[in-house]
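Hello,

Here is the structure we talked about handing over. Please look through it first, then read the notes below.

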Amino acid sequence: MKEFDYIIIGGGCAGLSLAYELEINDKLKEKTLAIIETREEYKRDKTWSFWKVFNHNFDDCVIKSWNNFTINSPDSSHELTNKKFPYQSIDSGKFYKKINSKLTTNSNISFFKTLSEINLENSIIFNSVHEKELDKSKMWQHFQGIEIETPKNIFDDEIINLMDFNCDQRNDVHFFYTLPFSKNKALIETTWLSDLEDQSLMDYDLQLENYIKNNLGIKNYKINFTERGAIPLFNPSFKNENKMINIGSVGGMTRLSTGYTFLNIQEHSKYIVKNIDNIGGAKIFNLGKKYQFLDKLFLRVLEKHPEKMPKIFFNMFKTSSNTIIKFLSNKSNIIEDINIISKMPKLIFLKAMFN
Ligand SMILES: Cc1cc2nc3c(=O)[nH]c(=O)nc-3n(C[C@H](O)[C@H](O)[C@H](O)COP(=O)(O)OP(=O)(O)OC[C@H]3O[C@@H](n4cnc5c(N)ncnc54)[C@H](O)[C@@H]3O)c2cc1C
């Protein structure tokens, strides 16, 4: 069986980002790479959005960038502007196409459907596939989004609505998210923070239909694209073996309080490539102990007091746009952290800390 220097298990966001980063940094001229991916074809399946707090390789896959955003509670709306860190959305279809067409030009890179086709013994393995099914009773961010197109220009495409809590909460945490890609096209998502066992929360089609009609006042539209997903808001238990490095969601790249993962994956890929010649000996990359601690606390409060979350999220954004963006993108300094923490209800968080 064939042997490779590197093996990437799972050619999704993390696997392909890493392969691309290796390729463009000339790390695959003398080394070989196998990518193991089960999917039959690549097509647009997700829209990855994030604040661009550092440069990444995929500006040409960006659908749109915005400098303005709002957050809505049932009784008020708060608007923020930031010119330094735009919010961006990436079309996964363009991302897959760009990377795959680059990788196929290098004969040192091979693609396989299953691991049984290759010899793993002497390779460094990067894994992005969960070992087993994850616990549905834990906290997840689950959602469905549709890209709608209207016959008339009705959206203000200069501003996104990051969270709209003006909707049915059903004893959990629920908000809508609207990204206007143009004046007549927008991605609208219904998002829940809850376990995955309550099927009654998953009538997403109806939720979207009602929201578009009653909250956005749009009656006439067609649906161009649908995405559905569930992001675990807990770190899967994994073994970090010497020759197996977990990447992507499996590698703890999801920010647990928000579900943001895409830019963390890019940072991790850059870190791996920088240390590739001694990757077994390099420190394991993580998002930072500070955020791990704060997010755990935040999720504990969320589980205990879902009804308080719309107000907590709303207040969190009542700070400068730089502060909140940097905090949510794991780039905040201590002053900015204190600023965010000061917006939280102290007693509830203190109690959560000791429970
Ligand atoms: C619909 C959706 C929207 C999201 N939107 C955002 C967003 O806006 N911003 C953000 O930051 N994050 C977002 N996320 C979270 C995160 O960025 C994505 O989940 C991202 O794709 C995670 O990358 P990954 O490589 O860990 O997993 P994936 O991209 O899922 O890659 C795993 C790959 O492994 C393959 N695979 C599975 N089993 C096997 C096997 N046995 N052998 C080989 N291959 C296998 C899969 O086919 C897949 O290609 C979103 C997630 C979803 C599901």
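**Notes on the model**

Three strands make up an open sheet in the order S4-S8-S5, with antiparallel pairing. Strand S4 (47-51) and strand S5 (62-66) are at the edges with a single partner strand each, so one side of each has no neighbour in the sheet. From one strand to the next, the twist averages 15°.

Some background on these words. This is a predicted model, in which local features need pLDDT of at least 70 and side-chain atom pairs count only at pLDDT 80 or more, while totals for chains, interfaces and linings use all residues. Residues are numbered from 1 along each chain as its sequence is written. Helices (H or I, at least four residues) and strands (E, at least two) are DSSP runs, numbered from the N terminus. Two strands pair if DSSP finds at least two bridges between them. Axes are lines fitted to C-alpha atoms, for helices over the stretch in contact, and angles run from 0 to 180 degrees between N-to-C directions.

S5 and strand S8 (residues 87-91) are joined in the antiparallel sense by four bridges. Across from Trp66, the bridge partner in S8 is Tyr87. Helix H2 (residues 92-103) packs on this sheet and touches S4 and S8; contact here requires C-beta atoms, placed from the backbone, within 7 Å. The direction of H2 makes about 65° with that of S8.

A second open sheet has five strands in the order S9-S3-S2-S11-S17, and the pairing is parallel. Its edge strands, S9 (109-112) and S17 (244-246), each pair on one side only. The twist averages 20° from one strand to the next. Strand S3 (residues 33-36) runs parallel to S9, joined by four bridges, and Ile35 stands opposite Phe111 in S9. Helix H1 packs on the sheet, touching S2, S3, S9 and S11, and its direction makes about 165° with that of S3.

Next, the ligand. Of the 28 residues around the ligand, Gly10, Gly12, Ala14, Gly229 and Gly248 come nearest; a residue belongs here if its C-beta atom, placed from the backbone, lies within 6 Å. S4 gives the largest share of the shell, four residues.

Last, Cys167, which is in the loop between strand S13 (159-164) and strand S14 (173-182). Cys167 counts as partly exposed because it has 18 C-beta neighbours inside 10 Å (20 or more would be buried, 12 or fewer exposed). The C-alpha atoms of Cys167 and Tyr6 are separated by 48 Å.

Regards

Notes: Two residues are in contact if their C-beta atoms, placed from the backbone, lie within 7 Å.
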